[in-house]
Amino acid sequence: MNQVEPIDPIKMLKPRRKITGVSAILLPLLGDLSVDWSGFDAHVHRTFDAGLTPAINMDTGYGNLIDDATRQQALERTQSIAEGRDYVAGAFVADHPGDAFGADAYRVGVEQIQSLGGTPIFFQSYGLTQGSDDQIVSRYETLAAACDSFYAFELAPVFAPFGCIYSLDVYERLMQIQNCVGAKHSSLDRVLEWQRLQLRDKLRPEFKVMTGNDLAIDMVMYGSDYLLGLSTFAPDAFAARDAMWENGDEAFYELNDLLQYLGAFAFRPPVPAYKHDAAMFLKLRDQIQTDQTYPGSPARPDSDREVLGHIARDLESILDRAGKSLETTA
């Protein structure tokens with residue numbers, strides 16, 4: 001059994017660290033519920049231009065709801081926009097409780113993603129996460145053999161019924177798979193993430209602990225990097241925040257506080273409805289045509305638009321002031 005060390009968060013702070021940001025891409029829709037591909041392309045461009053890495057076909061991109069043709073087109077368009085730059089894409093396998101591990105189905109996803117220049121991240125499934133710790137690790141080792149490199153993914157059941165947060169022993173063994181370059185951790189629990197950071201710092205410092213905690217985006221202060229759905233609302237703001245942390249700029253805290261307020265509002269129960277708030281927010285910023293959500297995804301009340309509008313205006317004000325400050329000191 002892995003011995004959990006006492007946690008002292010103050011000692012874990014890592015000031016002036018360069019943060020790696022991976023941002024899930026929302027799949028926008030038109031009024032007839034067809035995909036707004038021009039809006040998708042623009043969103044991918046903005047994410048790359050901000051200096052973040054796009055993550056395609058994630059939960060934010062309705063990865064569990066879209067069909068294979070949509071998934072393929074999203075990858076092809078991203079590869080074209082990337083022009084050789086790296087991006088991440090979800091390998092999703094739909095199954096049911098009690099189903100066997102779908103290794104072949106995962107391999108199909110891996111081949112599709114890698115052939116189009118992406119790095120796969122393995123969505124959990126019932127078949128992947130059920131059974132003993134040894135069985136779970138063995139399944140990841142099987143998948144690793146089909147990959148150049150990949151990310152693992154822990155997902156709390158509040159996000160999806162097939163989600164599972166692994167024991168720290170499983171996490172350590174995943175870290176020992178050399179072509180596993182990192183893992184997204186979405187427990188929404190700071191203590192569990194701090195434990196993973198301690199383990200990473202001790203055993204494999206280059207391994208990326210990618211926080212998926214949209215309710216604690218300041219985990220980057222302690223050494224986490226991120227793969228967030230929240231950053232799809234404003235990749236430019238997240239990139240500015242990350243640069244402020246690296247530069248020791250006190251404006252980091254004001255901007256982080258506002259982004260965290262946005263996260264607390266958008267990721268309230270039912271959590272999957274955050275995608276509707278994301279669509280509303282991007283439409284309020286005139287970046288997509290509609291705030292429609294994919295059929296089968298939960299919706300937010302119309303009253304959210306007023307709150308999101310206030311946040312968007314405050315965000316623009318902070319970014320504008322930060323820009324002026326940078327111009328003054330350049």
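The expected span of a helix is taken as 1.5 Å times one less than its number of residues. The structure is a predicted model, in which local features need pLDDT of at least 70 and side-chain atom pairs count only at pLDDT 80 or more, while totals for chains, interfaces and linings use all residues. Residues are numbered from 1 along each chain as its sequence is written, and side-chain values use heavy atoms, with hydrogens and water left out.

**View 1. Helix α9 and the glycine that follows it.** Helices are DSSP runs of H or I with at least four residues, strands are runs of E with at least two, and both are numbered from the N terminus. Helix α9 covers residues 235-247; at 1.5 Å a residue its 13 residues should span 18 Å, and the end C-alpha atoms are 18 Å apart, which agrees. G248 comes after α9 and has a positive phi, near 70°.

**View 2. The largest pocket.** On a 1 Å grid over the protein atoms alone, a pocket is an open set of points with protein on both sides within 12 Å along at least five of seven lines, whereas a cavity is a set where a 1.4 Å probe fits but cannot get out; lining residues have an atom within 4 Å of a point. Grid points are joined across faces, edges and corners, and a volume is the space filled by probe spheres set on the points. The largest pocket holds about 350 Å³ of space. Its lining consists of 28 residues, of which D59, T60, F159, Y274 and K275 are the closest to the centre. Two or more lining residues come from each of β5 (150-155), β6 (180-186), β8 (225-228) and α11 (274-284). By class, the lining has 16 nonpolar, eight polar and four charged residues; Ala, Val, Leu, Ile, Met, Phe, Trp, Tyr, Cys and Pro count as nonpolar, Asp, Glu, Lys and Arg as charged, and the others, Gly among them, as polar.

**View 3. The largest cavity.** One cavity of 30 Å³ or more is found in the whole structure, and the largest cavity has a volume of about 30 Å³. I25, L27, F40, I56, N57, G61, I66, T70 and A74 form its lining. Six of these lining residues are nonpolar and three are polar, with no charged residues.

View 4. The largest nonpolar core contains 108 residues, and Y140, F233, F281 and L315 have the most contacts inside it. Beyond its neighbours within four places in sequence, F233 is in contact (heavy atoms within 4.5 Å) with L262, A266, F267, Y274, D277, A278, F281, L282 and R285. D304 belongs to helix α12 (residues 304-329) and is buried, with a relative accessible area of 2%. Leaving aside neighbours within four places in sequence, D304 contacts F265, R268, D277 and M280.

View 5. The buried residues are L168, D169, V170, Y171, E172, L174 and M175, and they pack against α6, β5, β6, α8 (190-203) and β7 (208-211). G163 lies in the loop between β5 and α7 (168-175) and counts as buried at 12% relative accessibility. Not counting residues up to four places away in sequence, G163 touches Q124, L155 and P157.

Key. Core = buried A, V, L, I, M, F, W, Y, C linked by side-chain atoms within 4.5 Å. Buried < 20%, exposed > 50% of the residue type's maximum accessible area, 1.4 Å probe, protein only.
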